[in-house]
Amino acid sequence: MDQKVLKRLVESISKSVNSFKKSEIECLIRIFHNLVGRGDVKLANVGLDRNTFRVILHSVFGMTDDVLMNRVFFAFDKDNDNYINVKEWVRGLSVFLRGTFEEKLRFCFEVYYFNGDGYISRERIYDMLKNSLHQQSPGEETDEGITELVDIALKKMDYDNDGKISFADFEKAVKEDRLLLEVFGPCLPEAKSCLDFEALAFQHILTSSF
């Protein structure tokens with residue numbers, strides 16, 4: 001890997017990502033380079049496709065919900081080019097691993113709203129709850145039961161009573177009850193998965209510091 005390219009990337013990314021030290025950003029770039037697996041190419045111009053990223057979410061972070069893994073991919077892919085580039089990779093991991101409550105709140109909302117209009121619609125809530133319940137107990141959910149859950153969710157979270165959940169609605173509801181952060185399905189990795197990933201990703205930093 002070209003050390004000058006690497007150094008420039010570290011400097012560039014560190015300006016917008018404050019949760020990692022530069023040495024940690026370098027580790028994450030090296031991991032990205034290995035995952036992309038295209039030899040000594042310009043890192044800024046390559047990326048992880050959706051299937052590769054889903055494998056990472058499943059094998060490294062323990063995610064199993066196909067629908068939500070797809071949505072997490074799109075939440076990472078800020079420029080909507082269907083690839084996660086190295087900067088998107090580091091920025092996304094900064095939320096996963098060390099994001100503030102507010103950053104995680106906004107990330108979850110981005111995962112949950114689907115059509116780009118900035119709202120979680122009744123239909124979208126229905127689909128997410130149906131998918132989530134099916135993952136937990138296949139075949140046991142009923143349309144009537146899911147509709148009731150949708151009504152409960154809207155009653156609890158739709159503060160302006162417009163039949164959909166805005167970011168302001170979501171933020172207010174989650175700040176009042178933090179258990180609602182992943183109310184429509186798990187889209188953040190569990191703490192243990194994050195700690196395990198960090199231990200593996202940054203192990204040479206730890207060993208070289210002694």
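**A walk around helix α5**

Hi everyone, let's start inside helix α5, where V86, E88, W89, V90, G92, L93, S94, V95, F96 and L97 are buried. Buried here means under 20% relative accessible area, exposed means over 50%, and partly exposed is in between, with a 1.4 Å probe and protein chains only. Helices, by the way, are DSSP runs of H or I with at least four residues, strands are runs of E with at least two, and both are numbered from the N terminus.

Before I go on, a word about what you are looking at. This is a predicted model, in which local features need pLDDT of at least 70 and side-chain atom pairs count only at pLDDT 80 or more, while totals for chains, interfaces and linings use all residues. Residues are numbered from 1 along each chain as its sequence is written, and side-chain values use heavy atoms, with hydrogens and water left out.

Back to α5. The helix runs over residues 86–98, and ten of its 13 residues are buried, so we call α5 mostly covered. What does the covering? Among the elements over its buried residues are α1 (3–14), α2 (22–36), α3 (50–59), α4 (66–76), α6 (101–112) and α10 (191–201). The word contact, as I use it, means heavy atoms within 4.5 Å.

Now, what caps the N-terminal end of α5? That is N85, with a side-chain oxygen 3.0 Å from the backbone nitrogen of K87. For a polar contact we want a pair of N or O atoms within 3.5 Å; within protein, one must be able to donate a hydrogen and the other to accept it, and residues adjacent in sequence count only if both atoms are side-chain atoms. N85 sits in the loop between α4 and α5, and N85 counts as buried because its relative accessibility is 16%.

The loop between α4 and α5 also holds N82. N82 is not a glycine, yet its phi is positive, at about 70°. With a relative accessible area of 41%, N82 is partly exposed.

Another asparagine to look at is N161, in the loop between α8 (143–157) and β2 (164–166). Its phi is positive too, near 55°. Is N161 buried or exposed? N161 is exposed, because its relative accessible area is 67%.

Let's zoom out to finish. The protein has eleven helices and two strands, and buried residues make up 41% of its 210 residues. Of the contacts with a separation of 6 or more, 61% come from residues 24 or more positions apart.

Terms used
The expected span of a helix is 1.5 Å times one less than its number of residues.
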